[in-house]
Amino acid sequence: MQSTRKIRVLIAKPGLDSHDRGAKVVARALRDAGMEVIYTGLRQTPEQIVETALQEDVDVIGLSILSGAHKALFPRIMELIKEKGLTDVMVFAGGIIPEEDIPELKKIGIKEVFGPGTPTDKIIKFVLENLPKRT
Amino acid sequence: MSKTEEIVKGVLAGNKRSIAKAITLIENNDPEAKKLLAHVYSHTGKAHIIGITGPGGSGKSTLIEKIVREYRRNGKKVGVIAVDPTSPFTGGAFLGDRIRMQELSTDEDVFIRSMATRNYLGGIARATKDAVKVLDASGKDVIIVETVGAGQSEVEIIKIADSVVVIHAPGLGDEIQAIKAGLMEIADIFVVNKADRENADKAVIDIQSMLQLNNKEKAWKPPIIKTVALTGEGVTELIEKLEEHRKFLEKEKARKKSLSKAEAELVEAIKEQTANSIIEKLRKEGTLEEVLQKIVKKEIDPVSAAEKLLKEKFKKE
């Protein structure tokens, strides 16, 4: 049997909002694009998210947030990712995130931020083009 | 030190990132995976491997969360592999078993991995067996494998588990239809989950009467335990029974069971390696396409083609 790599993605919802329609739509789109998508449900702490990414050895983390707490939660998540040495993981985000916050989020290592109404094709394409290199 | 050696070292020390990387190599069928497994093999055999199977919606994931907590209270280190199906159309998979196990993620002595079947049949993934070995070598005392939740053909689990728990719940369709054929015979322990529901006792009686029909005298009689996974009711009793079964295996059947497990593993390995080497050879020679075409055109049937190829292979060697 030949060796085959599958793209593994964690879709996570940090914090206290309970709207996961968007997260589920993205999860489903990525699944239908042939990826293995791990979904962990609502109200995750940064610690839970990063620990899950580590155990599942995902290539990509997608964070969905609508509560407005991204400025508090995302930096903590990025910090933990560094702490745990997950250098080969790409992180993107989506949800309700004001335009003016995006540069700051990109500065801490979030590769892209997708707003409401983003076509799922665009997200799939982005993930495929920005996969972290692994040896 | 090579990268693989580093991963092996990490696995044996119980390092979570190394365990995760090792399982990925196995899942991707990386050439390094064989080397890795050869290194960890001598460190395996200590863990109690528990298979949990049953129809979708019977409460497997929720119950596993409670089982893990109970084992943790007893000071055991626990590994979980939760298998979900891969779509045969897109190759993708939605792995959602962790939703019920959220809080376990941050426990230092629990390791959970979601695994897609990648089109392997029988309720587990091709990589499940070897991933269990990695967790075993990493020092886990108990390893729980949750199969795909379909219900009739998840019998592959007996090849890797010491104890098989078959879960059912009342109100999931035609009584115990779902655990009829295959699953009935592989159970070491039956669980009737959602026991706070109506008809739970009827489900218990149904299983009892099926077991009575199966009147071969067996040294181990599968107990039936009622649980309510949401509240944790009955879980302590389930753990006690699992512990009893583990001791039973150690005492009486251990040798026999592990020999038959070893045989199953050997057969599996021979199959895979033989198939790989033949397919590789055909591919190199450029004749694979030709053979496949013949089969498609019905000029030869797959069994005869296989026979021919095997004869050729073993004549030369």
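This briefing covers the two chains of the model, the interface between them and a few selected residues. The model is predicted. Chain A and chain B bury about 3000 Å² between them, and 8 salt bridges are found across their interface. A strand of chain A also pairs with a strand of chain B, in the parallel sense.

**Chain A**

- Chain A contains 5 helices and 5 strands. Along the sequence these elements follow the pattern β-α-β-α-β-α-β-α-β-α.
- The radius of gyration of chain A is 14 Å, close to the 14 Å that the globule rule gives for 135 residues, so chain A is as compact as a globular protein of that length.
- The C-alpha trace of chain A spans about 45 × 35 × 25 Å along its principal axes.

**Chain B**

- Chain B has 10 helices and 8 strands.
- For 317 residues a compact globule would have a radius of gyration near 20 Å, and the 21 Å of chain B agrees with this.
- Taken along the principal axes, the C-alpha atoms of chain B fill a box of roughly 65 × 50 × 40 Å.

**Interface: area and composition**

- The size of an interface is often given as the accessible area lost when the parts come together.
- Of the roughly 3000 Å² buried between chain B and chain A, 45% is on carbon and sulfur atoms. Arg17(B), Phe94(B) and Gln102(B) supply 20% of the area that chain B buries against chain A, more than any other three residues.
- The contact involves 36 residues from chain A and 35 residues from chain B.
- Between chain B and chain A there are 24 residue pairs in polar contact, counting pairs with both residues at pLDDT 80 or more. On chain B, the elements that give two or more residues to the side touching chain A are helix 2 (16–27), strand 3 (93–95), strand 4 (110–116) and helix 8 (235–285). By class, this side of chain B has 13 charged, 12 polar and 10 nonpolar residues.

**Interface: specific pairings**

- One salt bridge joins the side chains of Arg17(B) and Asp88(A), at 3.3 Å from N to O.
- Strand 2 (residues 36–39) of chain A pairs with strand 3 of chain B over 3 bridges, in the parallel sense. Opposite Ile38(A) stands Leu95(B), in strand 3 of chain B.
- Leu42(A) lies in the loop between strand 2 and helix 2 of chain A. With residues up to four places away in sequence not counted, Leu42(A) touches Gln102(B) as well as Lys13(A), Asp17(A), Ser18(A), His19(A) and Asp20(A).

**Links within chain A**

- Over all chains the count comes to 42 salt bridges.
- In a salt bridge between Asp59(A) and Arg5(A), the closest N and O atoms are 2.6 Å apart. This pair links distant parts of the chain, 54 residues apart: Arg5(A) is in the segment before strand 1 (8–12), and Asp59(A) is in the loop between helix 2 (46–56) and strand 3 (60–65) of chain A.
- Leu42(A) and Ala12(A) are 30 residues apart in sequence, with their C-alpha atoms 7.6 Å apart in space.

Key: Residues numbered from 1 in each chain as written. Chains lettered and ligands numbered in written order. Predicted model: local features only at pLDDT ≥ 70, side-chain atom pairs only at ≥ 80, totals over all residues. Heavy atoms only, no water. Contact = heavy atoms within 4.5 Å. Buried area = accessible area lost by both parts, 1.4 Å probe. Salt bridge = Lys/Arg side-chain N within 4 Å of Asp/Glu carboxyl O. Polar contact = N/O pair within 3.5 Å; in protein donor to acceptor, adjacent residues only side chain to side chain. Helix = DSSP H or I, 4+ residues; strand = E, 2+ residues; numbered from the N terminus. Nonpolar A, V, L, I, M, F, W, Y, C, P; charged D, E, K, R; others polar. Pairing = 2+ DSSP bridges. Rg over C-alpha atoms; globule rule 2.2 N^0.38 Å.
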